[in-house]
Amino acid sequence: MKALLNILMAISGIILAGSLPILIAGWLLGEWRWQAYFESIRTTLEGLWPIGEITFFNYRAGQEIALFPNVSAYIVYSLEILFMALIAAVAVSLVLTVVTMLLAEKVRERVKMVLYFLESIPDLLIIMLAQLLVIVFFKQTGILISKIAVAGDDRIYWLPALCLAILPTIQLYRLSMLTFQEEERQMYVELARALGFSKVYIVLVHMFRNAIISVFFQSKKTMWFMLSNLFVLELMFNLPGIMLFLSGNMHPMGFLVAIFSFFLPMFLLYSFGEWFFISRRHKKAVA
């Protein structure tokens, strides 16, 4: 029931936000365009059905085409890049965190200082450096490990996903370290040490299963951070993704469909994760 209420509130918020540009345009001119705002919401809701008949002018193709199924390819491609980067960021940050937790306290503090510095690197610089490295490697060896931009209907995956994952990995790595260090101060860790368990066993078995819950909830912020970088990534690699598509084809229906396409998978993923971890915590408490 709570999940249903949350999704209904989120959908309502998305629909209301979809017409905000009308209000903002009015505020810039010193006008209150409430009537036009509500009229836009009504028109948008009416235009959503039948959804299969929505058309728009595609500037990339240079012609008017149906929103479905044509926009699906843009959405799926963006989601593929996004989730590849998210999985890589979570996996790499957890592995690095576990390895770092096995090191001495002084080394860990130095690692955190380096991470604070690395977090300040602009995403644009990372993308440009990655593209430059690919070009230099190609000139030196004659081997093209990845294309640095998409032409036509082509697709590239690993290089854009890598560029999108670097900063979130650094961010999640630092947050995971703080979470693991917080767990390290708990009484059960002291007890495990007193019982003679090894450091590797305590980190991998006892601390990991408790810290992973906090890491999971922190990954929500990481996901939003990656979404904010997705447009720059698609622009720099000329990826045929939904962000670049919307920038050239700003259509109210397309905007709503794009927002829903990102919102629903994330909502389902984090709702399931929240249910899983909370139910697991309740079972432990009962036991």
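Visitor: Which residues is Ser 176 in contact with, leaving aside its neighbours within four places in sequence?

Guide: Contact here means heavy atoms within 4.5 Å. In this predicted model, Ser 176 is in contact with Thr 97, Val 215 and Gln 218, once neighbours within four places in sequence are set aside.

Visitor: Where in the chain is the place of Ser 176?

Guide: Look along helix 7, which covers residues 158-184; Ser 176 is in that helix.

Visitor: And is Ser 176 buried or exposed?

Guide: A residue is called buried when its relative accessible area is under 20%. Ser 176 has a relative accessible area of 0%, so Ser 176 is buried.

Visitor: Let's turn to a partner of Ser 176. Which helix holds Gln 218?

Guide: Gln 218 is in helix 9, residues 199-237. Not counting residues up to four places away in sequence, Gln 218 touches Leu 172, Leu 175, Ser 176 and Thr 179.

Visitor: Which side chain makes a polar contact with the side chain of Gln 218?

Guide: That is the side chain of Thr 179, at 3.2 Å.

Visitor: Stepping back, how many helices and strands does the protein chain have?

Guide: There are eleven helices and two strands. Reading from the N terminus, the order is α-α-α-β-β-α-α-α-α-α-α-α-α.

Visitor: What percentage of contacts between residues at least 6 apart in sequence join residues at least 24 apart?

Guide: In the protein chain, the figure is 74%.

Technical notes. Residues are numbered from 1 along each chain as its sequence is written. This is a predicted model: local features need pLDDT of at least 70, side-chain atom pairs count only at pLDDT 80 or more; totals for chains, interfaces and linings use all residues. Side-chain values use heavy atoms; hydrogens and water are left out. Helices (H or I, at least four residues) and strands (E, at least two) are DSSP runs, numbered from the N terminus. Buried means under 20% relative accessible area, exposed over 50%, partly exposed in between (1.4 Å probe, protein chains only). A polar contact is a pair of N or O atoms within 3.5 Å; within protein, one must be able to donate a hydrogen and the other to accept it, and residues adjacent in sequence count only if both atoms are side-chain atoms.
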